[in-house]
Amino acid sequence: MDRNPGKQESSQASDAELDQFLSGDSPVSKAYRKLGDEEPPAKLDRAILDAARDHVKPAGQRWLDIDLRFWRHWSRPITTIVIVGFCLSVVLQIMQTAPVAPIEFNGNGSVNTWADATGPAPPEASTTQQPASARNQMRSKAEGSLEEITVTARKRLETRQELPLAATALPTAPPDKVLAEADGSPVLDEVGTEARHVLADDALEAWEQGARPTGEVWLAGINSLRVQGELEKAGIELDRLTLVYPEAGAAAMISGGRPRHVY
Amino acid sequence: MKDLDDTALMLRYADGDTGAFETLYGRHRAPLFRFLLRQAGDRQMAEDIFQEVWSRIISNSSNYRPTARFTTYLYHIARNCMIDQYRRTATQPATRNAEGSQIDQLVSADNPVASAARTEMLSSIEGALLNLTHEQREAFLLKEEGGFTLQEISEITGVGRETVKSRLRYALGNLRKFLTAPDEVNLVK
C-alpha cells in the first residue's frame, strides 16, 4: 500500500487531473510516451514463437501423447491385474486337470480304495486303466444294499497336492455327526482319519449313495461337482458344508464357490 | 487474422493455429515488455519475466477460458510472474521505500560522481518513475501500457477501485511535479 500518505498529501493529483490522465490527454502521459519504445530482443521473440509452435503438434501426435499419458498412468495397475489373472488361471487349470484315483466297490456294499485293502496296493497301471463299464456295474450292485460307505485315501501325499490348498487346513476331527443328526444320513466314522484323504470322484460316488463324508472328502466332492458343471448341487453341498465347517466354507469360497442357502 | 480480437486468437491457438499466436504475440509483446522493464527497472530481469509470462500463456492455452479480456489475463500473469521473480531472487521491486528512494540508496550524498548520476537519472521521466512506489508505478504503467480502466487495474492488482484511484493520484502528482520543475523536485522520502 501507499507509504507515508501524510507526507505525500501535496503530491496528490486532483480529480480533474486524474480524469484527464484516464482519458489519455495528461501532460504526464505525453511525457511518458516520449520515452523510447523498447522492445524485447529478437532472440527472445524467436524463442517464444518456437515454444508456441512446439506446444502445438499435429493431431495424430497429440493422440499419441494422450495414449502415452494413459499408459504411464495405468501401466502398473494393468500389469498387476494381468499377472494376477494369469496366475489364477494357471492355478484353476491345474486344479481342474488333476488326475483322479479310482475307487473300488466290494461285494458287501462298502467302498474301499486301494490303500484301504489289507494287502499291498495293486500296480498303478491296473487301477488307472480300469474299464468304465466295470465300474458302472460295481456301482449298480452297491446301490441296492449299501448301508455304509467306506472311503479311504489311496495316496495321501498325492491327494493333498491334488486337493485345493484350503482343504488341507480343515480340522482333523470333523463333526460329521452334526450333519448326520440333521438329515439322518450315515456317517463315515468307521473309516477314521484315513477317509479324509480321498479323491474327488470317490467322494462324489459316496454322496450319491447317501453318505456324508468328512470335510476334506466333502470339499473335494464339491470341487468335482463344479468341474462337472453341476453348480446347483455344488452350491447346496457347499452351504451344508459351511454349516458344519465354517472355515471350510470360507476356504471353498476362496477357491471359487459361495454358499447360497442358509439353513 | 488481424481482424480477430485477442480472445478469438487465443482460442484459435488453443486449437492449434500457430499463426493466431504470432498475431497475438505481435500485438502485445512491446507493451508488455515495456511494462515489465519499467516496473522491474532491470532489463535482464524484465526479459526473464517476459519469457516466463509467455511460457505460461502457451502451456495454459488449452485451459484458457474467455471469462475476461485477454489483456487482463496477460497482465495478471505478468504481475504474478514478477512477484514470483522477486521471491526467487529475494529482491525488492525498484521502488522508493520508507528509508528513501532507490536512487538515493544507490548513491551517497558525499560522493560527487554518484550525485551527478543521480541528477542525470532524475532528468528523465524514467528516473521519476523509478522514484514512485512500486504500487503507484504499477497502476500508472498498467494504464499507460495496457490501456486498462480503473476497474481492470483493480482486478489485476487485487485491490479496490478507490485504492487504485489513490495510487494513480499520487503517481500523477509526483510525476507532474517532476515535469514542471525537475530541479526543484524534492522526492518525497
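A:Val82 has its place in helix α4 (residues 59-96) of chain A, in a structure that is a predicted model. With a relative accessible area of 54%, A:Val82 is exposed, and together with A:Phe70, A:Trp71, A:Trp74 and A:Ile78 this residue makes a nonpolar surface patch of about 510 Å².

The chain around this patch can be described next. Chain A has twelve helices and two strands as its secondary structure, and along the sequence these elements follow the pattern α-α-α-α-β-β-α-α-α-α-α-α-α-α. Of the 263 residues in chain A, 38% are buried, while the chain exposes about 15,400 Å², of which carbon and sulfur atoms supply 58%. Among contacts in chain A between residues at least 6 apart in sequence, 65% join residues that are at least 24 apart.

Confidence in chain A needs some care. The average pLDDT of chain A is 65, and 41% of the residues score at least 70. Within this chain, confidence is highest in helix α3 (residues 42-55), at a mean of 93, and lowest in helix α5 (residues 124-128), at 45. Over residues 144-161 of chain A the pLDDT stays under 50, and the model has 53 contacts beyond four places in sequence for this stretch.

Salt bridges form another part of the picture, and the structure holds 21 of them over all chains. The table gives three of these pairs.

| Salt bridge | Closest N and O atoms |
|---|---|
| A:Glu17 and B:Arg176 | 2.4 Å |
| B:Glu47 and B:Arg43 | 3.9 Å |
| B:Arg87 and B:Asp84 | 3.9 Å |

The salt bridge of A:Glu17 with B:Arg176 has its closest N and O atoms 2.4 Å apart. This pair crosses between chains, from A:Glu17 in helix α1 (residues 15-23) of chain A to B:Arg176 in helix α10 (residues 161-180) of chain B. A:Glu17 counts as buried at 13% relative accessibility, whereas B:Arg176 is partly exposed, with a relative accessible area of 27%.

The other two tabulated pairs each belong to a helix of chain B. B:Glu47 and B:Arg43 are four residues apart in helix α3 (residues 43-59) of chain B, so they are separated by about one helical turn. B:Glu47 is buried, with a relative accessible area of 12%, while B:Arg43 is partly exposed, at 39%. In helix α4 (residues 70-89) of chain B, B:Arg87 and B:Asp84 lie three residues apart, about one turn of the helix. An α-helix has 3.6 residues a turn, so residues three or four places apart point the same way. B:Arg87 counts as exposed at 63% relative accessibility, and B:Asp84 counts as partly exposed at 22%. Salt bridges that share partners also join A:Asp37, A:Glu38, B:Arg34, B:Arg38 and B:Glu145 into one network.

Helix α8 (residues 134-146) of chain B can be checked for its length. At 1.5 Å a residue, the 13 residues of this helix should span 18 Å, and the end C-alpha atoms are 17 Å apart, which agrees. Because 13 of the 13 residues of α8(B) are buried, this helix is largely enclosed by the rest of the structure. After α8(B) comes B:Gly147, whose phi is positive, near 70°.

Conventions: Residues are numbered from 1 along each chain as its sequence is written. Chains are lettered from A and ligands numbered from 1 in the order in which they are written. This is a predicted model: local features need pLDDT of at least 70, side-chain atom pairs count only at pLDDT 80 or more; totals for chains, interfaces and linings use all residues. Side-chain values use heavy atoms; hydrogens and water are left out. The expected span of a helix is 1.5 Å times one less than its number of residues. Buried means under 20% relative accessible area, exposed over 50%, partly exposed in between (1.4 Å probe, protein chains only). pLDDT is the predictor's confidence in each residue, from 0 to 100. Contact means heavy atoms within 4.5 Å. Patches are made of residues with over 30% relative accessible area and no salt bridge: like charges are joined within 9 Å, nonpolar side chains (Val, Leu, Ile, Met, Phe, Trp, Tyr) within 5 Å. Accessible areas come from the Shrake-Rupley method with a 1.4 Å probe; for residues, only the protein chains shown count as cover. A salt bridge is a side-chain nitrogen of Lys or Arg within 4 Å of a carboxyl oxygen of Asp or Glu.
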